Amino acid sequence: MSMQPRPWPKVPELTAQVARAVAARGPYPLAMRVRDELGELFADGEFAEAFEARGRPGWSPGQLALVTVLQFAENLTDRAAVHRVRYGMDLKYALGLELDDPGFDASVLSEFRTRLVEHGMEEKVLDLLLTALKDRGLVKAGGRQRTDSTRVLAAVRDLNRLELAGETLRAALEALACAAPDWLTQAVPVREWAERYGPRIHSWHPPASTSKREEMALVYGRDGFALLEAVHAPDAPAWLRELPAVQVLRTIWVQNYHRAVTEAGAEVKRRESKDLPPGRLRLASPYDTDARYGLKQGSWWTGYKIHISESCDETDDQDAPTGQAPIPGADGPPPRLITSIATTDATVTDAEMTEPVHHMLAARGLLPAEHFLDSGYASAELIVGMKKNFGVTLVTPVLLNSSPQARAGAGFDRTAFTIDWDKRQATCPRGDTSTWWSPATQRGTKAIVIKFDKETCRPCPVRDQCTRSKTGGRTLSLQPRELQEVLDQARLQQSDEQWRAKYGTRAGVEGTIHQAVAVTGMRRARYRGLKKTHLEHAFSAVALNLIRLDAWWNGHPLDRTRTSHLARLDPARAV
């Protein structure tokens, strides 16, 4: 792809005439609707950082951005997307092409994505769309939003530890065979290793015997160390050790093997499970070094997680700014629109993303007044912090009291005690007061430990309902005052039916995740690496927003992502 972008052209008269004539015979195409309603959505100037000013004219980055968005809207491959540009009149209309324009090669799309990633512009298209919609009053700060996460499978094969070792060594040998074939011939027994590491690890079945599998793992380990020693030998070319495949080999060998010095010399051993590095650091594939092993709701996978935030206002009072009219052609409230996309490796917990998600929304000027989240995103610290730092109220359930009395539903749990924070004293249900109040640190977090005198508790007639201690008195553990009061209030609220009905708003984001998976194929990453996967997710979010806007422009607001059976019976109401 050449360096200098050409201007985004107007729609040629003949292209417009033919495309509209064909479109009149069926539903108006999404690509044409986007061009009609949003015009030149992705201006070339917004991508100037990634494209130099010199060179022969090439394809407009704004046009390529629109092609990529529509590619995800139809879940097409690069070749299929280029085919649509070459033969689809709706795309020629949207891109402003003549009917006989031959389009471009599929490699142009790959180069375009690479440039965006290299210049940190993964979210540029989402930012441009949200800015345009914000100017039209379709998204704004305040109101309600909801967020949830789901797993994303990396574009690599799941490997166990034996397969990971064999495939990593095979990949390193392949890289060395291409980069330095003469050196490799002298450094290793090529014929023997070609038989052992020539085929990909998934093309044959490993031994069924546990002992033979262990023996094979040790063979892999010894060969890997031998190759690393050869690469780092003084007479070996220094640049060999800089090859990415060799660096990955070294990392995976450090994580999975070690050498113990015995009387017979250095002995290669596999690391026990307890000696493996934490999941956030452990590589899961030699081909995607950002993918990690993840666990959510009992399901294991290799790859990433995506966090999707969307608007979910129930009213139609989203008025446009003064002097700026909303997009015409639709009645009722605007559709639910995705406002933020965050991609992480599979080991990052939801709670770790609560604050980053709010920073992303704040950067776009789209912070909600109320943010609906599931319990995985919440803690007392986060509820207080988001309100204090961003002015956002988290509508989320919190973990219930885990004391033995609360779990059993019998006896006196913490709520049965009256806490006087000013006097630093607690009063039990029978009116006795505590004798000990001390700040402490429990599992790395600040806490307050309260104790009652054992002489007071020992003769108490309801002792069995209060403590399981045979000799000591009752002990309470509280969080600092501000956090504990927020936690108590949240636990009280979530037991109320009215709060539960309000919290039902959060469930709609599950439908958004379903739509993202079904329409754009978001469940499986197309590309390798965290940045490229995040780029994919950002384009997918724009595609979903345009699909929802198209339904709204057509008079069918996309309030829900799934069509009910009743709506299917009435096409006029179908979403």
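This is a predicted model: local features need pLDDT of at least 70, side-chain atom pairs count only at pLDDT 80 or more; totals for chains, interfaces and linings use all residues.

Which residues in H4 meet which residues in H6? On the H4 side they are Asp-78, Ala-81 and Val-82, and on the H6 side they are Leu-109, Ser-110 and Arg-113.

Now step back to see how the two helices cross. H4 covers residues 78-87 and H6 covers residues 107-118; their axes lie 8 Å apart and form an angle of about 115°. That angle makes H4 roughly perpendicular to H6, since 65 to 115 degrees is the range that counts as such.

Let's stay with H6 for a moment. Its 12 residues should span 16 Å at 1.5 Å a residue, and the distance of 17 Å between its end C-alpha atoms agrees with that. Buried residues in H6 are Val-108, Leu-109, Phe-112, Arg-113, Arg-115, Leu-116 and Val-117. What do these buried residues pack against? Their partners are helix H3 (61-73), H4 and helix H20 (530-553). Beyond the end of the helix, look for Gly-120, which follows H6 and has a positive phi, near 65°.

Setting aside neighbours within four places in sequence, Arg-113 is in contact with Gln-71, Asp-78, Tyr-527 and Leu-535. Asp-78 is also one of the H4 residues that meet H6.

Next, please turn to another pair of helices, H14 and H17. How are they arranged? They pack at an angle of about 100°, and their axes are 9 Å apart. H14 and H17 are therefore roughly perpendicular to each other. From H14, Ala-380, Glu-381, Ile-383, Val-384 and Lys-388 take part, meeting Glu-482, Leu-483, Val-486 and Leu-487 of H17. This contact divides into 6 nonpolar, no polar and 3 charged residues.

H17 itself runs over residues 481-493, and its 13 residues reach 18 Å from first C-alpha to last, close to the 18 Å expected at 1.5 Å a residue. Leu-483, Gln-484, Leu-487 and Ala-490 are the buried residues here. Where do they sit around the helix? They cover an arc of only 130° around the axis, which puts them on the same side of H17. The buried residues of H17 pack against helix H14 (380-390) and strand S15 (475-478).

Trp-437 has its place in S13, residues 436-442. Is Trp-437 buried or exposed? At 13% relative accessibility, Trp-437 counts as buried. Leaving out neighbours within four places in sequence, its contacts are Ile-419, Asp-420, Trp-421, Arg-424, Gln-425, Ile-448, Val-449 and Ile-450. Lys-423, 14 residues away along the chain, has its C-alpha atom 9.9 Å from that of Trp-437.

Our last stop is a loop. Gly-504 lies between helix H18 (497-503) and helix H19 (508-520). With a relative accessible area of 43%, Gly-504 is partly exposed.

Notes
Residues are numbered from 1 along each chain as its sequence is written. Side-chain values use heavy atoms; hydrogens and water are left out. Axes are lines fitted to C-alpha atoms, for helices over the stretch in contact, and angles run from 0 to 180 degrees between N-to-C directions. Helices (H or I, at least four residues) and strands (E, at least two) are DSSP runs, numbered from the N terminus. Angles under 35 degrees count as roughly parallel, over 145 as roughly antiparallel, 65 to 115 as roughly perpendicular and the rest as oblique. Contact means heavy atoms within 4.5 Å. The expected span of a helix is 1.5 Å times one less than its number of residues. Buried means under 20% relative accessible area, exposed over 50%, partly exposed in between (1.4 Å probe, protein chains only). The arc is that of the directions from the helix axis to the C-beta atoms. Ala, Val, Leu, Ile, Met, Phe, Trp, Tyr, Cys and Pro count as nonpolar, Asp, Glu, Lys and Arg as charged, and the others, Gly among them, as polar.
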